[in-house]
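Have the structure open while you read.

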Amino acid sequence: MPDAVATRRRGRVYVTKSVAPYLFLLPFMALFIAFLIAPLCYAFGLSLFKTTMVAGTQFVGAANYLKVFTDPSFWDGVVLLFKFGLMQIPIMLGLALLYALILDSGRVYGRNFFRIAFFIPYAVPSVIAALLWGYLYGPSFGPFGQLAEFFHLPKPQFLLDGTILGSIANIAVWEFMGYNLIIYFAALQAIPQDLEEASSVDGATGLQYALRIKLPLIMPTVIVTIIFSIIGTLQLFSEPYLMRNLAPGIINSHYTPNFYAYTLAFTNQQYNYSAAVSFVLGGVVAVVSYVFMLLANRRAA
Amino acid sequence: MAIVSKTANSASFRNSRRWLTVALALYFIYTFIPIFYVIVSSTKSNADLFGTFGLWFSGDFHFWQNLQDLFTYQDGIFSRWLLNTILYSVVSGVGAALFATFAGYAFSKFEFVGKKLSFALVLGAVMIPQTALVIPIFLLLSKVGLVNTPWAVILPSLVFPPGVFLMKVYADDALSNELIEAGRVDGAGEVHIFFNIAFRLLTPGFATVLILAFVATWNNYFLPLVLLNSSDNFPVTVGLSQWYALATSGSGGAVLFSIVMAGSLVSIVPVIAAFLIMQRYWQGGLGAGGVKA
């Protein structure tokens, strides 16, 4: 870039159309290669080796991958994330779609206020969100526990083995519902106004119009958000990492695959195996996203 | 006839408007509970945090004391964390937005060798699990002695692939090829065309990427958690989570609770303010790309 700036100031050397795109891409691509491509290649290389005290570092080929495929600590985490995703994604996106349609219908008071208010949790770091909900869930001094005590009801137990996954899912819904709502709302606003006039002339109610016309029209957007949600879900880390402080017996060090990779690398110093775990997780992300896209396309066709 | 149907229509319109607004208000209450909780809690002393109802104020207004504790605890390290967070987010946000604008412009307005492949790589980057990147970045940066420096957080945060995608889409829409062609006919160089003609029209897209990248860095946890190990370099997210773990473990850290509450409030206010001030940008931007920040 310094060259280009100098060029501009002096106005002498002329950047031509054929050189320009490479010049514009240079800063981003240089960093992209240094901090994305290179680390990935390096991690892939690592995953093919094994370091032991006795033998030092040895090439082991696919051995680490074969180990991941039969490692219950990894697959337990993947199964947990499937449970988590099957619960959290439909609730989050269902709510986002419902509220986007309500906001778009124009039949509400305070439309702009609600749209912004629902988005606010997205601005809260996931660490802080987990921390605040963690306090709210607390059985002794959390307000829900306090309310139950006041009314002599059994205290809600948010942090037990059977409920904690739902409690974490709730945090994720809270964080990202508004983000998806904004995306849906923008897609709904892009639908031409005359479609609504035509459908009301045909005697369709607002609800029929929303479900039969608007919903199919924004389906491509919905599919994109589902894929992003799948990718996000499979990377779950911060929320359980923070909440293990509250439920150390339940959230173990391989609670989610990312958590497992982190523990392997920084507690056990097993960088090689950790890299293999990350790659298999990436593979799971790719396969699940791809299968979902296939299913979505088949239904659309 | 027309009049009858119109009144029926407007009565049902008003009715459904009432119920739909109630539905919105219900979700608003849910959204607001944790925010209200942190506001209420940051006004309480430690004793009141445990002894009074969590979702209402206690008689004793302890807010200023909590703020003072927050900024003096451990020799005032929290202000250091706050400055770190601001430094990391501003530098990464501006840099990421600038580089994404250059790259998006190149992808939108030029034909060149390797265009399809490189754009596909940028798009595919969203699928990569964080650990797959952050752990090798840690290992590579430790070889060149950059671990536990501000660069360890800033440099990786400058790579913001969703921003490139967004700027390409934005440049496709907002910037006509004729305008650029006109500049070329006038004999202007490509760099001159970009800075004097294109960039002005791309500014709203630039602002969108700026705020998204800024917030992504402000809220990031995993990257600084792995790449920084001295407390002096922590951003707020890592520092606060350490205090939180200390407070929760019960090993003499219980006095920290009110400090953690005040710290949480202080750390979310700037981001919420940024979103409110720049709402016209991110709303359009998220809609345009459906991009995950």
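## A greasy patch across two chains

L147(A), F150(A), F151(A), L153(A), F32(B), I39(B), F53(B), W56(B) and F57(B) make up a nonpolar surface patch of about 910 Å². The elements giving two or more residues to this patch are α7 (143-150) of chain A and α1 (2-41) of chain B. Patch residues have over 30% relative accessible area and no salt bridge, with nonpolar side chains (Val, Leu, Ile, Met, Phe, Trp, Tyr) joined within 5 Å and like charges within 9 Å. Areas come from the Shrake-Rupley method with a 1.4 Å probe, and for residues only the protein chains shown count as cover. Helices here are DSSP runs (H or I, at least four residues), numbered from the N terminus.

This is a predicted model, so to speak of ground rules: local features need pLDDT of at least 70, side-chain atom pairs count only at pLDDT 80 or more, and totals for chains, interfaces and linings use all residues. Residues are numbered from 1 along each chain as its sequence is written, chains are lettered from A and ligands numbered from 1 in the order written, and side-chain values use heavy atoms, leaving out hydrogens and water.

## Zooming in on the helices

I39(B) sits in helix α1 of chain B. Its relative accessible area is 32%, so I39(B) counts as partly exposed (between buried, under 20%, and exposed, over 50%, with a 1.4 Å probe and protein chains only).

Over in chain A, the buried residues of α7(A) are P143(A), G145(A), Q146(A) and A148(A). Just past the end of α7(A), H152(A) takes a positive phi of about 55°.

## Where the chains meet

Chain A puts 94 residues in contact with 98 residues of chain B (contact means heavy atoms within 4.5 Å). Together the two chains bury about 9,100 Å², 78% of it on carbon and sulfur atoms; buried area is the accessible area (1.4 Å probe) that two parts lose on being put together, summed over both. Salt bridges between chain A and chain B number zero (a side-chain nitrogen of Lys or Arg within 4 Å of a carboxyl oxygen of Asp or Glu).

## Inside chain B

Chain B splits into domain 1 (2-41) and domain 2 (63-289), with bounds from an automatic or database domain assignment. Their C-alpha centres lie 35 Å apart. Four residues of domain 1 of chain B contact five of domain 2 of chain B, and the area buried between these domains is about 420 Å², with carbon and sulfur atoms giving 82%.
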